Amino acid sequence: MRMLPARGRSQSIEREQAKAPVPPNGSSSFHSKRDAHSGFRDFCRRLSTAILCAAVFPAILPAAQKPLEIFFIDVEGGQSTLFVTPAGQSLLIDTGWGYNGFRDANRIVAAAKLAHIKKIDYVVITHYHADHVGGVPQLVQKMPVGTFVDHGPDRETSKQSQTLYSEYQAAIAGSNHILAKPGEQIPIKGMDVVIVSADGNVIEHALPGAGDPNGNCASVQQKATDPSENARSVGLVITFGKLRIVDLGDLTWQKELKLVCPDNKLGRADIFVVSHHGLALSNSPALVHALAPKVAIMNNGSKKGADPAAWDVIKSSPGLLDFWQLHFADAGGSEHNTSDPFIANVTEADTGYYLKVTANEDGSFEIYNPRNKFTKQYPAIGALGTPTTKAR
Ligand SMILES: [Zn+2]
């Protein structure tokens with residue numbers, strides 16, 4: 001059933017369509033005597049020039065042709081990434097920090113408002129560190145959440161960690177819950193979300209289309225086993241049409257190698273959400289260069305993440321077009337930081353700008369920086385032309 005309130009149109013049109021009856025065949029067309037546009041839509045249906053009609057009246061586009069929207073919310077060096085599908089469903093990966101006067105919860109709510117949603121259908125908690133799970137108690141006071149997804153019990157025993165976990169448990173009591181297991185999917189409508197790591201375990205078999213031998217494994221450094229919650233991060237591969245996005249939370253080096261060595265079980269990525277805020281405990285060349293992303297987006301803070309060693313790995317990845325950052329990172333200087341248009345927040349002031357990806361099923365997408373109104377468009381693989389930029 002595709003008839004769901006669409007986004008990106010006027011409130012009056014949205015209200016009107018929300019009242020319209022659902023056609024029995026589940027098509028995305030709308031019928032209502034109250035709808036002054038119905039005659040025009042009928043005309044459009046009869047007319048074979050669907051492109052013209054879609055341009056004049058985009059509401060008749062089926063859900064599959066609407067874009068996927070992704071908001072990389074600034075939570076000052078934590079993670080909070082909101083996906084809103086063409087079907088109107090939503091997935092939030094992590095909730096930022098708590099104990100900051102609803103700062104991060106308010107930013108999530110603001111992004112949800114921009115996406116015209118009033119509820120978050122799925123919240124994935126990658127692991128139980130304060131910059132990921134800390135914001136849950138405040139978020140649930142601000143917005144309803146359908147289902148929480150996590151890797152199961154907290155595996156750290158420090159008092160701080162146990163406190164965070166018990167506050168999380170109290171906040172989600174009464175909500176639906178999914179225990180994340182590698183190989184399983186989160187049942188959101190409008191995109192495919194496969195869990196590739198959880199609680200220290202990873203997928204046994206390559207994802208469809210993946211599994212090629214990874215030439216980056218032979219020379220990769222081995223690091224000590226990480227006993228922390230980071231290594232238990234829920235990692236996701238998200239597919240929307242031809243577009244692939246990889247987000248592994250704070251998954252650390254040795255677990256990355258289990259995913260991509262000796263064979264790359266993940267395949268390639270169009271968009272790589274830089275792991276662990278850009279720390280060098282993660283982001284091995286065996287992972288990043290095998291994913292070979294078109295763009296990398298780093299959810300760092302001005303003084304959090306963004307390790308120059310990890311930066312160098314990502315910037316040397318084959319085929320990388322651009323590196324986007326949520327913050328100018330003090331440690332990197334001009335030598336490592338990307339150029340100004342690609343950075344959401346350039347000062348240490350708490351400006352809270354997000355980055356927004358708008359993606360299409362053909363694999364094309366654009367990234368928008370609301371601070372400077374800079375947008376860059378990335379064509380689909382195989383499409384003619386090169387990435388273009390524009391100001392708006
Ligand atoms: Zn983190």
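Strand β8 and strand β11 (residues 235-240) pair in the antiparallel sense over five bridges, with Ser197 having Gly235 as its bridge partner in β11. Pairing here requires that DSSP finds at least two bridges between two strands; strands (E, at least two residues) and helices (H or I, at least four) are DSSP runs numbered from the N terminus. The model is a predicted one, in which local features need pLDDT of at least 70 and side-chain atom pairs count only at pLDDT 80 or more, while totals for chains, interfaces and linings use all residues. Residues are numbered from 1 along each chain as its sequence is written.

Five of the seven residues of β8 (residues 192-198) are buried, so the strand is largely enclosed by the rest of the structure. A residue is buried if 20 or more other C-beta atoms lie within 10 Å of its own, exposed if 12 or fewer, and partly exposed in between, with C-beta atoms placed from the backbone.

| Hairpin | Residues between the strands | Residue with positive phi |
|---|---|---|
| β7 and β8 | five residues | Gly190, near 110° |
| β8 and β9 | two residues | Asp199, near 55° |

Two bridges join β7 (residues 185-186) to β8 in antiparallel fashion, and Gln185 stands opposite Val194. Strand β9 (residues 201-202) is likewise antiparallel to β8, joined by two bridges, with Ala198 opposite Asn201.

**Helix α4**

In α4, the residues Asp104, Ala105, Arg107, Ile108, Ala111 and Ala112 are buried. They cover an arc of only 160° around the axis (taken from the directions from the helix axis to the C-beta atoms), which puts them on the same side of α4. An α-helix has 3.6 residues a turn, so residues three or four places apart point the same way. The buried residues of α4 pack against β1 (68-72), β2 (81-84), β3 (90-93), β4 (120-124) and α6 (136-142). Just after α4, His116 takes a positive phi of about 60°.

**Pro137 in helix α6**

Pro137 lies in helix α6 and counts as partly exposed because it has 18 C-beta neighbours inside 10 Å. Leaving aside residues up to four places away in sequence, Pro137 touches Gly98, Glu167 and Ala171, a contact being C-beta atoms, placed from the backbone, within 7 Å. The C-alpha atoms of Pro137 and Ala171 are separated by 5.2 Å, although these residues are 34 apart along the chain.

**Confidence**

The chain averages a pLDDT (the predictor's confidence in each residue, from 0 to 100) of 86, and 81% of the residues score at least 70. Over residues 1-59 the pLDDT is below 50, and this stretch has 59 contacts in the model beyond near neighbours in sequence.

Definitions and conventions:
Contact = placed C-beta atoms within 7 Å.
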